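I opened my notebook to record, entry by entry, what I looked up in this model. The sequence and the structure come first, and my notes follow.

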Amino acid sequence: DEAEAIVGSRGETDSSSGAQENIAVVDAIIVGVDGLRKGLQARVVVLFATNLTSRIDSAVLRRSYYYAFERPDEKTRHTLFNNSLDGMNFNSADLEKLVMATTPRMISGKQVQFTPSDIVELIVGRAINEAVRQNKPLNLELLLDYCSRTTPTC
């Protein structure tokens with residue numbers, strides 16, 4: 001995770017010693033990838049994850065296969081809520097209200113969708129923690145409150 005910290009764009013660095021070390025790391029990774037591609041008869045998989053692909057060095061991207069995960073649509077949000085709340089007596093109408101409460105939000109002029117982590121951790125997880133803290137059962141109102149208070153991760 002946080003691949004941009006390891007293979008971040010060399011063009012956006014300053015001249016500090018830390019930045020020079022980062023450039024050296026990216027250069028070494030590129031040389032290593034090129035060496036693996038030319039010399040080995042083996043398959044090697046290196047997995048990086050980031051939500052900031054624009055910060056990955058373009059030379060690394062040219063040498064890579066990458067897959068972008070989309071943020072959850074209505075059906076996927078329904079599944080996330082259903083799986084997270086399984087066995088807690090929430091019905092289809094409740095789940096639909098939660099799905100509608102997590103539609104994309106306007107942030108700085110852009111529509112931003114919730115991430116799976118926003119839904120599972122920031123909404124459901126925090127609502128469960130609050131219900132436990134209050135020594136009350138988790139209910140739809142508390143979940144909807146966390147839906148309204150949570151800003152999607154940009």
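**Entry 1: helix α4**

I am working from a predicted model, in which local features need pLDDT of at least 70 and side-chain atom pairs count only at pLDDT 80 or more, while totals for chains, interfaces and linings use all residues. Residues are numbered from 1 along each chain as its sequence is written, and side-chain values use heavy atoms, with hydrogens and water left out.

**Entry 2: helix α7**

Which residues of α7 are buried? In this helix, which covers residues 140–149, I wrote down L140, L142, L143, Y146 and C147 as buried. They cover an arc of only 165° around the axis, which puts them on the same side of α7. On the other side of α7, I noted that E141, S148 and R149 are exposed. The buried residues of α7 pack against α4 (74–84), α5 (92–101), β1 (105–107) and α6 (116–134).

I next looked at N89, which sits in the loop between α4 and α5 and has a positive phi of about 65° although it is not a glycine. N89 counts as exposed, at 76% relative accessibility. I found another positive phi, near 50°, at S108, also a residue other than glycine. S108 belongs to the loop between β1 and β2 (110–112), and with a relative accessible area of 77% it is exposed.

For K136, I noted a place in the loop between α6 and α7. Is K136 buried or exposed? It is exposed, with a relative accessible area of 52%. I also looked up K136 together with A93, which is 43 residues apart from it along the chain, and their C-alpha atoms are separated by 22 Å.

**Entry 3: the whole chain**

I listed seven helices and two strands for the chain, where helices (H or I, at least four residues) and strands (E, at least two) are DSSP runs, numbered from the N terminus. From the N terminus on, the order of the elements is α-α-α-α-α-β-β-α-α. The radius of gyration of the chain is 21 Å, well over the 15 Å that the globule rule gives for 154 residues, so the chain is more spread out than a compact globule. That radius is taken over C-alpha atoms, and the rule is 2.2 Å times the number of residues to the power 0.38. Taken along the principal axes, the C-alpha atoms fill a box of roughly 60 × 40 × 30 Å.

I noted that 28% of the 154 residues count as buried. Among contacts between residues at least 6 apart in sequence, 66% join residues at least 24 apart.

Technical notes. Buried < 20%, exposed > 50% of the residue type's maximum accessible area, 1.4 Å probe, protein only. Contact = heavy atoms within 4.5 Å. Arc of directions from axis to C-beta.
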